[in-house]
Amino acid sequence: MKRTKISRILGTAELIGSDVCVKGWVRTRRGNKYVQFVALNDGSSVKNLQIVFDMNKWNDEELKAITTGASIGVTGKLVESQGKDQTCEVQAETLEIYGTADPAEYPLQKKGHSLEFLREKAHLRPRTNTFGAILRVRSALAYAIHKFFQEKGFVYLHTPLITASDCEGAGAMFQVTTLPLSNLPKTETGEVDYSKDFFGKSTALTVSGQLEGELGATALGEIYTFGPTFRAENSNTPRHLSEFWMIEPEMAFYDISDNMDLAEEFVKYCIRYALDHCRDDIEFLSEHFDPELIDRLEFVLHNDFVRLTYTEGVKILEESGKKFEFPVHWGTDLQSEHERYLVEQHFKKPVILTDYPKEIKAFYMKQNEDGKTVRAMDVLFPNIGEIIGGSEREADYDKLYARIQELNIPMKDMWWYLDTRRFGTVPHSGFGLGFERLVLFVTGMTNIRDVIPFPRTPNNAEF
Ligand code: 4AD
Ligand code: MG
């Protein structure tokens with residue numbers, strides 16, 4: 001008999017009265033000598049299906065292997081349930097044991113393991129209700145992202161993961177090399193001779209697909225990327241990963257205000273999609289971790305994001321009278337505590353800050369007439385801080401060239417990027433959404449390590 005997914009069985013009354021076949025992993029078994037109840041989960045839903053074994057027909061020996069974590073297949077009649085916790089249940093007629101799980105060794109015995117404990121067991125944590133829910137929400141959000149851009153006619157552009165240029169100019173890149181580390185070839189002046197390396201030059205894992213994204217946008221009009229990015233910054237925080245996924249739309253003929261409109265529409269679309277398609281999972285997460293989660297998601301959907309300049313934002317922070325861990329004044333990069341003050345205490349709404357000092361932003365941003373600021377935009381969210389970073393790009397060849405010189409960015413790496421400004425340059429804009437920060441927001445989790453299956457952070461590349 002063909003397997004039916006538990007999500008389908010629980011999602012319709014149609015199957016009641018018919019025979020079904022279900023397969024999955026045992027969450028619990030309880031009961032007495034007359035009847036045994038097994039809670040079965042197959043990953044399709046946060047809800048378990050109850051399997052009932054009538055002990056007139058079964059004996060203890062046959063059910064011995066049904067322990068928490070074991071994998072089984074059951075066929076039987078689906079009937080309405082007498083119990084108050086479920087609408088239907090399966091009366092077991094046949095049982096197949098696929099794999100046992102020794103109770104003395106299977107680590108996920110009890111309910112309510114801490115998230116810290118589960119991080120050490122990341123190879124098994126998808127078997128918990130919490131991670132099942134998070135991973136289904138993550139998957140639905142990834143789908144929503146493609147749906148949003150595809151329906152708008154954006155082209156999905158695949159940008160390289162191995163690169164020779166440093167997009168954000170932060171220098172926090174993981175080197176990619178096949179040179180023997182214990183015996184590096186040297187040039188006459190004693191430096192590492194990368195001409196002997198695999199690509200004939202020094203390369204690294206990309207921190208962003210934007211620069212190549214701009215090549216796409218200035219040909220295809222509107223593109224987006226969605227892929228892994230890598231940052232070797234040593235920041236051990238609940239919001240930073242060394243490997244994370246980023247969505248980077250890039251659009252020709254958009255100014256910064258078009259860019260902000262798109263960013264706001266985009267995140268709202270994703271949140272709406274998750275609420276509409278992952279209701280059970282979000283309700284489960286809300287119940288167990290964050291009672292305000294659904295209100296917070298609805299709140300973001302129903303309010304316009306506040307838009308103001310960095311300069312105005314800093315003024316509010318200075319006048320707040322609040323003692324921040326990092327003092328704030330015009331010219332400093334905003335810390336998470338400052339961003340969250342603006343969003344959570346002052347405006348009580350998502351905020352888009354624009355026009356940051358050029359010194360704290362990347363070289364490619366459009367320079368404002370004041371000579372001090374650039375047309376950057378950061379979208380700041382409650383509980384998260386920065387969820388999106390973007391800008392209008394500098395479209396003028398001379399201004400961009402001057403900035404590259406000023407920052408001593410090696411020209412040999414940048415000629416192809418500058419060509420977009422030499423040939424048919426256009427005003428254009430784009431932004432990057434940190435995918436895990438969106439998943440954090442939508443699931444109500446507080447640590448970014450809990451919204452990606454196998455997190456990579458400083459000192460941690462297990463699994
Ligand atoms: O602000 P960032 O560094 O911007 C860029 O990379 C631009 N090239 C984007 C663009 O304009 N196309 O990063 C964008 C977003 C941040 O707002 C944040 O959400 C996320 O990426 N992010 C991280 N997420 C997890 N771990 C990290 N270490 C992250 N660094 C940035
Ligand atoms: Mg940023």
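1. Which strands and which helix do the buried residues of helix 5 pack against? The buried residues of helix 5 pack against strand 7 (162–163), strand 10, strand 11, helix 12 (415–422) and strand 16, where contact means heavy atoms within 4.5 Å. In helix 5 (residues 210–220) the buried residues are Q210, L211, E212, G213, E214, G216 and A217; buried means under 20% relative accessible area, exposed over 50%, and partly exposed in between, with a 1.4 Å probe and protein chains only. Helix 5 is followed by G221, whose phi is positive, near 95 degrees.

2. On the basis of the note: this is a predicted model, in which local features need pLDDT of at least 70 and side-chain atom pairs count only at pLDDT 80 or more, while totals for chains, interfaces and linings use all residues. Residues are numbered from 1 along each chain as its sequence is written, chains are lettered from A and ligands numbered from 1 in the order in which they are written, and side-chain values use heavy atoms, with hydrogens and water left out.

3. The chain has 13 helices and 16 strands; helices (H or I, at least four residues) and strands (E, at least two) are DSSP runs, numbered from the N terminus. Of the 463 residues in the chain, 51% are buried, and the C-alpha trace spans about 85 × 55 × 45 Å along its principal axes. Among contacts between residues at least 6 apart in sequence, 65% join residues at least 24 apart.

4. An open sheet of eight strands runs in the order 6-10-11-16-15-14-13-12, with mixed pairing; two strands pair if DSSP finds at least two bridges between them. Strand 6 (155–156) and strand 12 (306–309) each have a single partner strand and stand at the edges, so one side of each is left without a neighbour in the sheet. Strand 11 (residues 243–252) pairs with strand 16 (residues 428–434) in the antiparallel sense over five bridges, and M246 stands opposite G434 in strand 16.

5. Two helices that pack on this sheet deserve attention. Helix 9 (residues 310–319) touches strand 12 and strand 13 (351–357), and its direction makes about 95 degrees with that of strand 12; axes are lines fitted to C-alpha atoms, for helices over the stretch in contact, and angles run from 0 to 180 degrees between N-to-C directions. Helix 13 (residues 435–443) touches strand 10 (222–230), strand 11, strand 14 (373–381), strand 15 (385–392) and strand 16, with its direction at about 55 degrees to that of strand 16.

6. Helix 9 also packs with helix 10 (residues 336–347), at an angle of about 75 degrees and with the axes 11 Å apart. The two are therefore roughly perpendicular to each other, a label for angles of 65 to 115 degrees, whereas those under 35 count as roughly parallel, those over 145 as roughly antiparallel and the rest as oblique. G313, I316 and L317 of helix 9 make the contact with H338, Y341, L342, H346 and F347 of helix 10.

7. T203 lies in strand 9 (residues 203–205) and is buried, with a relative accessible area of 5%. Leaving aside its neighbours within four places in sequence, T203 is in contact with I162, T163, A164, Q175 and V176. The C-alpha atoms of T203 and A217, which are 14 residues apart along the chain, are separated by 24 Å.
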